[in-house]
Structures are given as structure tokens and as C-alpha cells.
Amino acid sequence: MPGHLIRRLNQIAVSIFQDRMQGLGLDLTPVQFAALDALSDNPGIDQATLAGMIAHDRVTIGGVVDRLQTKGLVTRSVNEKDRRSRRLVLTEAGEAMLARIVPVVSDLQDEILCGLSDDERAAFIALASKAAEAGNDRSRAPLKIRA
């Protein structure tokens, strides 16, 4: 069944990611990495925007940002345009960590699909992307595509 295989591949991907982070002596989850990466490309966005960019619900992203702030990787400040929201920005430590781990995360991508040839990997990614895009509106936390 596709659902089981997708869940199993997610387990494998998370396990490989966690092994690499532990090898670097880092306590960082895949969701925290996705948040840091999105904030690197979009400094000053709010939590709701961040949640949409990485397809996570607002409650979950609040905890993710709390942990990143506790680790000294992200700061929150009042948004001058909307005082109810908080702007999120990477700290210098967050930028340094991201610069350190992006090459590692990039390198582990092939390991996630290690049983596939290069052509098969490309086909798998194309098909998985197509299926995810087609089903995006059925998700409880749909991915908000950047304009």
C-alpha cells in the first residue's frame, strides 16, 4: 500500500537525518531544519507564514519556534506592521548552524533512496512531487507555495 511505503520512507529519512545530526553533536529535528532553512530564505516572516511554507500546523510550528529560540538559533520580535504577530529571524548561531548542516543534509538525500539508480531517483521525485501537489488541498497543513 502506498501509505505504508510513504510512512516507511519517512521513517528511514528521519532516521538517517537524526544519525547525521547526532554525528555532528547536534540536537536538531528535520522540522527544525526545515524551519531554519525557510527563515534563511525569508527573514522576518511570522509563524503562520512559516507554518505554511513548510506544511506544518500552527500549533506544531509554535513549539518548533520555541525550541529554536531556546537553542539560540531564532529570535522573535514584534512585527511593527501587525503588533499581534512576531517576526522570526535567524540569529548568527542559527545562520552558522544552517551553513554547517546544509551540505550534510544535501549529501544524505541520495542515501534516503539508496536502492534506486539516478534515473529512478529522478522519476521517484517527480512522481512524489506530482502526487503531493495533487493532494495538497487534502492536508490538514497544506503547503503554501511561495509566490
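Me: At what angle do the axes of helix H1 and helix H5 cross?
Reply: This is a predicted model. In it, the axes of H1 (residues 2–23) and H5 (residues 92–112) cross at roughly 140°. They come within 10 Å.

Me: Is that crossing left-handed or right-handed?
Reply: The crossing of H1 and H5 is right-handed.

Me: Which residues make the contact?
Reply: From H1, take Leu9, Ile12, Ala13, Ile16, Phe17, Arg20 and Met21. From H5, take Ile101, Val104, Val105, Leu108, Glu111 and Ile112. By class, 11 residues of this contact are nonpolar and two are charged. None is polar.

Me: Now the largest pocket. How much space lies in it?
Reply: About 1,800 Å³. Its lining has 36 residues.

Me: Which residues lie nearest the centre of the largest pocket?
Reply: Asn10, Gln109, Ala128, Ser129 and Ala132. Find those in the viewer to locate the pocket.

Me: Which elements give two or more residues to its lining?
Reply: H1, helix H2 (30–41), H5 and helix H6 (118–135). H6 gives the largest share, nine residues.

Me: How does the lining of the largest pocket divide by class?
Reply: It has 25 nonpolar, seven polar and four charged residues.

Me: On to single residues. Is Gln32 buried or exposed?
Reply: Compare the relative accessible area with the cut-off. Buried means under 20%. Gln32 has 3%, so it is buried.

Me: Where is Gln32 found, and what is it in contact with?
Reply: Gln32 is found in helix H2. Set aside its neighbours within four places in sequence. Gln32 is then in contact with Asp27, Val64, Arg67, Leu68 and Lys71.

Me: What separates the C-alpha atoms of Ala122 and Ile54?
Reply: They are separated by 22 Å. Along the chain, Ala122 and Ile54 are 68 residues apart.

Me: Where is Ala55 found?
Reply: In the loop between helix H3 (47–53) and helix H4 (58–70). Ala55 has 29% relative accessibility, so it counts as partly exposed.

How values were computed
Residues are numbered from 1 along each chain as its sequence is written. This is a predicted model: local features need pLDDT of at least 70, side-chain atom pairs count only at pLDDT 80 or more; totals for chains, interfaces and linings use all residues. Side-chain values use heavy atoms; hydrogens and water are left out. Axes are lines fitted to C-alpha atoms, for helices over the stretch in contact, and angles run from 0 to 180 degrees between N-to-C directions. Helices (H or I, at least four residues) and strands (E, at least two) are DSSP runs, numbered from the N terminus. A crossing is left-handed if the near helix is turned anticlockwise from the far one by less than a right angle, and right-handed if clockwise. Contact means heavy atoms within 4.5 Å. Ala, Val, Leu, Ile, Met, Phe, Trp, Tyr, Cys and Pro count as nonpolar, Asp, Glu, Lys and Arg as charged, and the others, Gly among them, as polar. On a 1 Å grid over the protein atoms alone, a cavity is a set of points where a 1.4 Å probe fits but cannot get out, and a pocket is an open set with protein on both sides within 12 Å along at least five of seven lines; lining residues have an atom within 4 Å of a point. Grid points are joined across faces, edges and corners, and a volume is the space filled by probe spheres set on the points. Buried means under 20% relative accessible area, exposed over 50%, partly exposed in between (1.4 Å probe, protein chains only).
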